[in-house]
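The following note sets out several points for a colleague who has the sequence and the model at hand.

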Amino acid sequence: MTNIEAVDTALLDDTGLVTAVETELAAFLRDRTADAVAIDPAFADATDALVAFVLEGGKRIRPTFAWWGWRGAGGSVDSPEAVSVLRAVSALELIQACALIHDDLMDASATRRGRPTVHVEFARRHATAGWRGKPARFGAATAILLGDLALAWADDMLRAAGLPPAALVRAAPPWQAMRTEMLGGQFLDVLHQATGDTSTRAALQIDRYKTAAYTVERPLHLGAAIADAAPELVSAYRRFGADIGVAFQLRDDLLGVFGDPVVTGKPAGDDLREGKRTLLLALAVERAEDRGRTQARDAITAAIGDPDLDAAGVERIRDLLTELGAVQAMEHRIAALTGSALDALSAVEIAEPAATALAGLAEMATRRRS
């Protein structure tokens with residue numbers, strides 16, 4: 001396990017924090033994979049894939065926000081509970097793993113972070129081994145189970161982090177709310193894809209619950225709860241987190257259509273092929289209708305969910321999104337949300353260096369390229 005001295009030096013900046021989170025994750029997952037070996041070597045092999053998924057990629061955004069939420073509420077790297085807090089917030093990466101593995105399956109995504117997605121990888125293993133049944137079905141079943149396992153292990157890691165009993169009790173409400181909101185947002189995403197709802201209301205509803213709640217808002221809330229923060233600070237954190245979380249997703253939506261595949265790790269235009277009902281597309285459809293540009297509207301709606309959309313088709317949609325002003329509108333909204341989030345922070349007293357760190361994280365989350 002990470003000792004207190006190592007944590008004291010590692011947590012002085014964001015780079016050190018990421019390293020410390022990954023150290024704690026590796027230690028926890030090493031213990032869990034040992035348990036899997038006792039069940040069956042084949043299960044251990046499957047859990048190795050989950051471990052690789054967790055440890056070999058990701059920005060550790062959620063633990064970072066949770067950590068600085070705790071620090072901003074008075075938590076200190078010199079305190080006896082610092083290591084326990086680090087372990088507790090690191091569990092958020094397992095929540096993220098569950099969400100991504102299941103999301104990739106539901107969206108039929110072929111790659112994640114430049115590698116085959118979990119369901120694709122296990123379908124390949126099935127086909128290579130010549131097992132019975134359909135490879136795709138085996139891959140889907142394995143992805144569901146490994147995503148579920150990640151969610152179960154997240155709970156285990158939080159409970160075993162060594163938090164004081166009172167802090168663990170305070171952590172329960174934001175943790176429970178976060179899991180329900182994440183799954184609710186995921187369901188709404190699936191529902192709106194099925195119904196073909198391209199409204200801005202539907203897109204923002206998904207952004208609020210599928211991304212913002214468990215990416216920024218609840219991690220900050222979790223850190224504040226562990227520190228026993230005042231209600232005023234919790235409220236400010238949640239306002240900041242909701243705005244930055246939505247802005248984070250809006251940037252992701254732009255990258256899903258305009259991002260560089262070398263940087264994002266996903267093929268250009270994959271969000272279009274997967275049928276994601278993003279605010280970017282909702283704004284474009286709305287503007288096309290308002291301007292009587294029915295051909296543009298029909299071209300955009302036809303592209304949403306078209307698995308055969310080629311590079312030329314993606315480029316045509318990019319042109320339409322720009323011509324209709326949807327891209328500019330997204331940038332304006334991201335800027336406005338970032339501004340309102342920073343206003344929420346400035347309205348309360350937040351301990352340094354957390355106040356500065358959170359402002360920097362807001363900029364990082366909304367101006368990123370991957």
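1. A cavity is taken here as a set of grid points where a 1.4 Å probe fits but cannot get out. The model under discussion is a predicted one. The volume of the largest cavity is about 40 Å³.

2. Which residues line the largest cavity? The lining consists of Phe53, Val54, Gly57, Arg60, Glu93, Gln96, Ala97, Leu100 and Arg113. Helix H3 (41-55) and helix H6 (92-107) each contribute at least two residues to this lining. The largest share, 4 residues, is supplied by H6. Sorted by class, the lining of the largest cavity comprises 4 nonpolar, 2 polar and 3 charged residues.

3. Turning to charged pairs, the structure contains 29 salt bridges. Side chains of opposite charge can pair when their charged atoms come close. One of the salt bridges joins arginine 87 to glutamate 24, with an N to O distance of 3.0 Å. This pair links distant parts of the chain: arginine 87 belongs to helix H5 (residues 82-90) and glutamate 24 to helix H2 (residues 14-39), the two being 63 residues apart.

4. Arginine 318 is buried, with a relative accessible area of 17%, whereas glutamate 315 is partly exposed at 37%.

5. The side chains of arginine 297 and aspartate 298 meet in a further salt bridge, with 3.0 Å between N and O. Arginine 297 has a relative accessible area of 25% and is therefore partly exposed, this value falling between the 20% and 50% limits. Aspartate 298 is partly exposed as well, at 39%.

6. Salt bridges also occur as a network, which links Arg32, Asp35, Asp156 and Arg159. The reader may wish to display these four side chains together.

7. Glutamate 181 is located in helix H9 (residues 165-195). With a relative accessibility of 15%, glutamate 181 counts as buried. Which residues does glutamate 181 contact, leaving aside its neighbours within four places in sequence? They are Tyr209, Lys210, Ala213 and Arg218. As for isoleucine 206, it is 25 residues from glutamate 181 in sequence, and their C-alpha atoms are 10.0 Å apart in space.

8. Histidine 126 is placed in helix H7 (residues 118-129). Its relative accessible area is 3%, so histidine 126 is buried under the 20% cut-off. Not counting residues up to four places away in sequence, histidine 126 touches Trp131, Arg132, Gly133, Lys134, Pro135 and Phe138.

Methods
Residues numbered from 1 in each chain as written. Predicted model: local features only at pLDDT ≥ 70, side-chain atom pairs only at ≥ 80, totals over all residues. Heavy atoms only, no water. Buried < 20%, exposed > 50% of the residue type's maximum accessible area, 1.4 Å probe, protein only. Contact = heavy atoms within 4.5 Å. 1 Å grid on protein atoms, 1.4 Å probe; cavity = no way out; pocket = protein on both sides within 12 Å on 5 of 7 lines; lining within 4 Å. Points joined across faces, edges and corners; volume = space filled by probe spheres on them. Nonpolar A, V, L, I, M, F, W, Y, C, P; charged D, E, K, R; others polar.
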